[in-house]
Amino acid sequence: MPNRHPHALIRFCLMAWGLVMCALLAAPAQAVPAFARQTGENCVACHTAFPELTPFGREFKLNGYTWGERAAVPLAVMMQASLTQLAQSQDAGGRTLMPHEGDLQFDRLSVFAAGKINDHVGGYTQWAYNNNRTMGQDGGTVGHAGIHDFDLRAIQRLRLGGKDLVLGFNLNNNPTLQDVWNSTPVWRGIPFTGSNLPRPQAMGSMLLDGGLGQKVVGLGAYAWWDRQWYGELSTYGSAVNTWRVLSTGVSLDSMNRLRGYNNPYWRLAWNREWGAHSLMLGHYGMVADKYPNPGTPHGDTDRFTDLGLDAQYQVLSDPSIFSLQGSLGHERQNLRASFARGAASHPDNHLQALRLKASYLYERTYGASLAYVDVRGSRDAGLYGRVRDSATGAPVSDRPDTRSLIAELDYNLNPQMRLMLQYTGYLKWNGATANIDGRGRKPSDNNTLFLGLWFLF
Amino acid sequence: MKKHFLTAGAMALSLMWAQAGAQTVPGPEAPALARQVCVTCHGPGGRTDSGQFPSLAGQSEAYLLAQLKAYRDHSRANLNAQRFMWGVASWLSEAELQSLATYYAAQPPAPARAAARTPEQQAAYARGQALFQAGEPARGVLACVACHGAQAQGLGAIPRLAGQNARYLAQQLAVFKGHDRADGAAMAAEAGPLTPEQVHDLALYLQAL
């Protein structure tokens with residue numbers, strides 16, 4: 001409803017102003033989340049622009065968040081507010097595809113408990129209330145509260161071959177949450193955040209690309225040698241029974257369930273830093289046996305084998321910071337269980353995703369990013385052919401292929417507060433370049449404009 | 001069985017946590033501290049090509065100690081000091097500050113950076129050399145050589161400048177101009193009259209020493 005937009009914009013500006021005032025009233029150097037209070041460092045020591053890590057930030061995380069002095073109150077808060085606009089928010093039948101379009105939304109409130117426990121153990125956990133998790137029956141949205149991140153580490157510093165070695169154990173609830181480079185699924189900024197509102201979603205997504213977040217428990221060991229080689233082996237299982245706290249807020253009926261606790265995840269990375277430059281070339285992978293029906297962890301399973309190659313290059317100087325991230329993921333899907341149940345048309349499929357991003361940050365204040373995402377996979381009418389042409393009844397597509405370009409402008413009022421304007425343009429949607437819903441909708445009708453405010457203290 | 005393996009692992013993690021307790025374990029000493037923490041910005045052995053952070057290798061021990069203390073008591077208050085060094089210095093004991101200063105002073109200095117190649121750079125290098133050796137008395141700029149030494153090697157509380165990255169040197173001259181270093185009254189007087197071109201020339205000369 002166009003006449004709502006000016007008021008929403010005014011409300012957004014008022015909220016932005018209020019948050020700016022909060023930020024200005026906060027103590028200048030220390031008004032940053034718990035890790036900054038623990039280390040006494042400014043946010044920019046660990047982050048180029050949060051959540052992207054600098055070499056110092058990576059070292060801090062790999063050392064188990066143990067640098068600095070233990071804080072008396074290791075808490076931090078994050079708030080997100082936004083406005084989202086879809087290029088075409090209604091389908092041909094007049095049905096609204098996204099609630100609260102153009103409305104100011106207070107999206108998410110997160111509370112972090114974060115910090116060192118002692119000189120060998122540290123971690124953080126994030127609990128979040130998401131105001132717009134799902135679409136409600138009244139056309140609005142339904143909120144949701146639960147755990148988001150959990151990352152607990154125990155580390156030991158040793159010497160091996162005359163070089164420094166950090167050995168660590170890690171317990172987490174999302175594979176790649178433990179990673180320190182911004183090219184793996186959880187922390188890659190391609191983009192890191194976007195609209196929170198329920199809206200049309202593309203189908204092609206690998207299991208590692210968010211399919212297991214807040215649903216699993218993983219325990220692993222890692223080694224970081226000579227600040228050059230990183231190796232990790234972890235094993236994952238469903239966060240149920242003893243581990244249910246790590247999936248708090250996720251309904252067991254809708255939880256992707258893994259078989260057993262022996263679903264391995266591994267990571268190998270080569271890292272090099274010289275002067276203002278840093279480069280990482282890496283590989284990550286996971287093999288997971290997942291039950292086809294989320295609510296029924298019995299019977300045969302599908303096997304997902306995810307393999308990824310990733311790279312990151314950063315130039316950190318004053319006043320410019322430049323970074324490049326890229327990842328190429330390939331997922332082999334052995335869908336024997338889904339195929340037997342008729343949910344997939346083929347027992348063997350694959351999915352692959354290419355993601356590239358370039359970012360520039362000036363004076364740690366003004367940022368611009370450009371990203372490209374290309375997901376493509378094998379044909380499967382059972383999985384991807386459910387959308388049919390309204391006139392002919394034929395499937396619109398039987399592929400998951402989706403391609404998009406994302407452009408983002410950032411303004412960091414200070415290291416704790418970011419205003420971002422993000423535009424996502426779709427070139428292809430679920431295998432189709434036209435008529436994506438069978439009623440004449442174009443991929444570009446899903447183009448999304450997102451104005452977001454991010455505030456931490 | 002596999003579930004038990006994961007549970008056992010988590011219990012081991014908890015045990016390590018409990019074993020380590022809440023007592024404060026002494027932090028790593030230099031050079032371990034230097035290798036594990038300082039290296040991320042100042043490079044291995046205190047030698048870096050970063051224009052944002054200085055090389056520390058071969059720097060005067062007295063100067064290093066004075067600066068570390070100035071970070072800790074916040075009397076060195078330029079922006080990057082606040083961002084990066086106030087926090088780190090706050091974790092360190094007196095003994096750790098001293099051991100870091102001793103360690104970096106004993107490291108071989110960074111080699112001289114590329115000398116001027118183009119005719120323009122050669123001219124700038126020559127101007128920088130002249131300024132370093134003779135100053136510009138007419139404008140109240142003393143000869144740098146008088147305090148920093150013939151090879152800009154530094155002495156006591158006067159820092160070594162030779163081989164330091166030109167961008168860092170220029171950044172610090174700007175800091176002195178802004179009076180953001182409590183120990184910088186003398187340098188503020190020297191840096192004040194320098195033109196941007198003179199800062200550029202001087203930094204180019206010094207990084208090639």
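**Ground rules**

Buried means under 20% relative accessible area, exposed means over 50%, and partly exposed is in between, with a 1.4 Å probe and protein chains only. I'm working with a predicted model, where local features need pLDDT of at least 70, side-chain atom pairs count only at pLDDT 80 or more, and totals for chains, interfaces and linings use all residues. Residues are numbered from 1 along each chain as its sequence is written, chains are lettered from A and ligands numbered from 1 in the order in which they are written, and side-chain values use heavy atoms, with hydrogens and water left out.

**Entry 1: a patch on the outside**

I started with A:L413, which sits in strand β14 of chain A; strands here are DSSP runs of E with at least two residues, helices are runs of H or I with at least four, and both are numbered from the N terminus. Buried or partly exposed, I wondered about A:L413? A:L413 counts as partly exposed because its relative accessibility is 32%.

A:L413 belongs to a nonpolar surface patch together with A:F322, A:L324, A:Y360, A:Y362, A:Y366 and A:Y411, and their accessible area comes to about 600 Å² together. Areas come from the Shrake-Rupley method with a 1.4 Å probe, and for residues only the protein chains shown count as cover. To be in a patch, a residue needs over 30% relative accessible area and no salt bridge; nonpolar side chains (Val, Leu, Ile, Met, Phe, Trp, Tyr) are joined within 5 Å, like charges within 9 Å. I noted that β11 (320–334), β12 (348–362) and β14 (402–414) of chain A are the elements giving two or more residues to this patch.

**Entry 2: chain B and the cores**

Next I looked over chain B, which has 10 helices and zero strands. Of its 209 residues, 49% count as buried. I put its accessible surface down as about 10000 Å², with 63% belonging to carbon and sulfur atoms. I also looked up contacts (heavy atoms within 4.5 Å). Among those in chain B with a separation of 6 or more, 68% are between residues 24 or more positions apart.

Nonpolar side chains tend to be buried together in soluble globular proteins. I went looking for nonpolar cores, meaning sets of buried Ala, Val, Leu, Ile, Met, Phe, Trp, Tyr and Cys residues joined through side-chain atoms within 4.5 Å. The largest has 45 residues, and A:F56, A:Y124, B:W91, B:L92, B:L100 and B:Y104 touch the most other members. Helix α4 (residues 79–91) of chain B gives this core its largest share, seven residues. A second, separate core has 18 residues, including B:A152 and B:Y205. Back at B:L92, I found it touching B:L33, B:R72, B:L97 and B:L100, leaving out residues up to four places away in sequence.

**Entry 3: A:K61**

A:K61 is in helix α4 (residues 55–62) of chain A. I logged A:K61 as buried because its relative accessible area is 6%. What does its side chain reach at 2.7 Å? The side chain of A:K61 reaches the backbone oxygen of A:D179. Beyond four places in sequence, A:K61 touches several residues, among them A:L53, A:D151, A:W187 and A:Y222.

A:D164 lies in strand β5 (residues 163–172) of chain A, and A:D164 is buried, with a relative accessible area of 13%. I checked its polar contacts (N or O pairs within 3.5 Å; within protein, one atom must be able to donate a hydrogen and the other to accept it, and residues adjacent in sequence count only if both atoms are side-chain atoms). The A:D164 side chain makes one with the side chain of B:R35 at 2.5 Å and one with the side chain of B:Q36 at 3.4 Å.

**Entry 4: salt bridges**

I used the salt bridge rule of a Lys or Arg side-chain nitrogen within 4 Å of an Asp or Glu carboxyl oxygen. Over all chains, the count comes to 24. In one of them, A:R227 pairs with A:E273, the closest N and O atoms being 2.6 Å apart. That pair links distant parts of the chain, 46 residues apart: A:R227 is in the loop between β6 (216–225) and β7 (229–238), and A:E273 is in strand β8 (residues 263–274). A:R227 is buried at 16%, whereas A:E273 is partly exposed at 22%.

I also looked at A:D289 and A:R303, whose side chains meet in a salt bridge at 2.8 Å, N to O. A:D289 is in strand β9 (residues 277–290) and A:R303 in strand β10 (residues 302–316), 14 residues apart.
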